[in-house]
Amino acid sequence: MIQSDRRFACPGLYRIVPSQDGGICRIKLPFGRLNAAQMRALAKLAAAHGLPEIEVTNRANVQIRGVHDGADDALIAGLVDAGLAPKSSGADDVRNVMVSPFIGLDPNAIFDVSDLARRVLARLENETHYHVLSPKFSIQIDGGEEIAMLQHPNDIWLSAMADGRFAFGFAGVPGERTAGAVASGDAEAALFTLLDHFTAKIGQLNAKGDKITRMRHLLVDETPADLAARLTCRVTPADAWQRAAAMPQGHIGARRQADGRFILGAVPLLGRLGQEMMLGLADLAHRFSGSEIRLTPWQSVMLPSMTEDALEEAVAALEELDFITRPDRTLAATLTCAGSAGCKSGLADTKADARHLANEIDGWGQPVFGIHLTGCAKSCAAPRPAPYTLLGLRPGHYDVFAQSDAPVGDTAKTGLGELLGHDVTIEQAARLLMQREKA
Ligand code: SF4
């Protein structure tokens with residue numbers, strides 16, 4: 001009998017939670033990685049127990065939706081057999097160690113942080129006193145790679161500096177709420193000292209009366225400097241430090257690795273892979289990337305360590321499977337949440353509307369990147385405002401926002417930026433975005 005886990009409402013591998021279209025099972029993959037056999041197993045399990053597709057999440061995990069009533073135990077057992085489960089349900093929730101999909105391969109990274117990330121993840125999984133962390137609590141370990149997610153905030157971040165130190169900070173992305181820097185050899189101990197302090201506070205109320213579950217709650221009572229002062233190692237200032245910008249759309253197409261081989265990135269439309277895509281991707285990984293598949297926080301996939309000779313065939317095969325391998329279509333960089341088709345809070349069918357919107361825009365010959373369609377104001381798919389946000393109001397109708405440092409009037413209330421159009425159709429939204437791009 002599988003022991004399911006009901007401590008939190010967030011989906012997990014051992015905690016399949018009900019949704020509009022059936023259960024959701026979220027499989028947290030260590031560093032977003034899986035192999036070809038595991039991708040095939042996911043295809044089989046999804047077809048047998050839920051909707052016959054998987055979704056890549058914005059934390060480089062996968063989820064199976066539409067899990068049938070009574071299928072939980074069989075699905076969980078299948079995932080365990082496929083080597084996709086941690087040792088225990090508690091360990092499942094602490095797998096949020098976020099790294100670049102280019103980790104260990106990027107010729108321009110400052111450090112290879114692979115070993116550090118592996119040690120951190122192993123300790124979180126094996127030392128059960130860390131299992132009290134919220135399933136949303138996340139740690140970013142950034143080696144300064146060119147392909148890097150620098151929009152999603154994490155509870156604690158560590159980021160490599162060119163002078164050999166690690167800057168660190170809280171409740172943000174590298175460079176936000178920076179507390180200082182430590183020598184690279186002190187980074188792991190510093191991180192766990194901070195985690196020990198944080199876990200001791202979990203469940204207490206902060207000065208605002210909020211229960212402490214995330215680092216932002218602790219920051220009500222303690223500043224980043226207060227937290228840094230708890231470290232026993234030397235902490236040096238990093239106030240002037242800024243993380244270098246990441247490569248725009250770096251996760252799409254081929255990039256040369258440090259060893260001369262290539263990593264190839266491809267985007268499944270709106271983060272979803274059907275049966276043919278999963279099995280085709282597994283075959284390509286088996287043939288060309290030593291069976292390794294890396295998922296990304298852009299809800300896309302990457303095949304590492306490919307020879308130059310293999311690229312042309314792999315790109316053609318991925319395009320044939322309906323992956324996007326060039327950033328030349330609007331859907332290459334469009335995000336959506338489940339929308340009304342998969343979530344009871346959804347006010348509009350974001351997935352269908354995203355395709356409609358992209359068709360309209362691409363019909364004019366110029367893609368628009370960075371659009372986020374959200375079914376309600378909760379904005380599950382994008383933790384920070386996207387360049388453009390369509391906020392669902394009712395079927396086929398949205399408010400349209402453009403990211404702005406200076407939100408105007410009432411639109412400031414949403415935090416999504418400047419309101420370009422209220423209660424507009426998809427065709428009207430497409431025109432508004434095109435006009436904005438040309439302005
Ligand atoms: S943003 Fe709203 S509609 Fe979309 S998945 Fe989240 S709760 Fe559901």
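Me: Which residues does Asp322 touch, not counting residues up to four places away in sequence?
Reply: This is a predicted model, in which local features need pLDDT of at least 70, side-chain atom pairs count only at pLDDT 80 or more, and totals for chains, interfaces and linings use all residues. Residues are numbered from 1 along each chain as its sequence is written, and side-chain values use heavy atoms, with hydrogens and water left out. Contact means heavy atoms within 4.5 Å. With residues up to four places away in sequence not counted, Asp322 touches Val267, Leu269 and Met277.

Me: Is Asp322 buried, partly exposed or exposed?
Reply: Asp322 lies in the loop between α9 (308-320) and β16 (323-324); helices (H or I, at least four residues) and strands (E, at least two) are DSSP runs, numbered from the N terminus. Buried means under 20% relative accessible area, exposed over 50%, and partly exposed in between (1.4 Å probe, protein chains only). The relative accessibility of Asp322 is 39%, so the residue counts as partly exposed.

Me: Where is Thr57, and is the residue buried or exposed?
Reply: Thr57 is found in the loop between β4 and β5. Its contacts, leaving aside neighbours within four places in sequence, are Arg26, Val62, Gln63, Thr296, Pro297 and Gln299. The relative accessible area of Thr57 is 10%, and therefore the residue is buried.

Me: Which residue in β5 is the bridge partner of Glu55?
Reply: Two strands pair if DSSP finds at least two bridges between them. Strand β4 (residues 53-56) and strand β5 (residues 62-67) pair in the antiparallel sense over two bridges. In β5, the partner of Glu55 is Gln63.

Me: Which are the edge strands of the open sheet with five strands?
Reply: The five strands follow the order β1-β2-β5-β4-β13, with antiparallel pairing. An edge strand here pairs on one side only, and the edge strands are β1 (17-19) and β13 (272-274).

Me: How are helix α1 and helix α2 turned relative to each other?
Reply: Axes are lines fitted to C-alpha atoms, for helices over the stretch in contact, and angles run from 0 to 180 degrees between N-to-C directions. Helix α1 (residues 36-49) and helix α2 (residues 72-81) pack at an angle of about 175°, with their axes 10 Å apart. Angles under 35 degrees count as roughly parallel, over 145 as roughly antiparallel, 65 to 115 as roughly perpendicular and the rest as oblique. Therefore α1 and α2 are roughly antiparallel.

Me: How many residues of the contact of α1 with α2 are nonpolar, polar and charged?
Reply: Leu42, Leu45 and His49 in α1 meet Ala74, Leu75, Gly78 and Leu79 in α2. Ala, Val, Leu, Ile, Met, Phe, Trp, Tyr, Cys and Pro count as nonpolar, Asp, Glu, Lys and Arg as charged, and the others, Gly among them, as polar. The contact residues divide into five nonpolar, two polar and no charged.

Me: Why is strand β8 described as largely enclosed by the rest of the structure?
Reply: Strand β7 (residues 139-142) pairs with β8 in the parallel sense over four bridges. Strand β9 (residues 165-172) pairs with β8 in the antiparallel sense over six bridges. Strand β8 (residues 154-160) is largely enclosed because its buried residues number seven of the seven.

Me: Which residue in the turn between β8 and β9 has a positive phi?
Reply: β8 and β9 form a hairpin with four residues between them. The residue in the turn with a positive phi, of about 95°, is Gly164.
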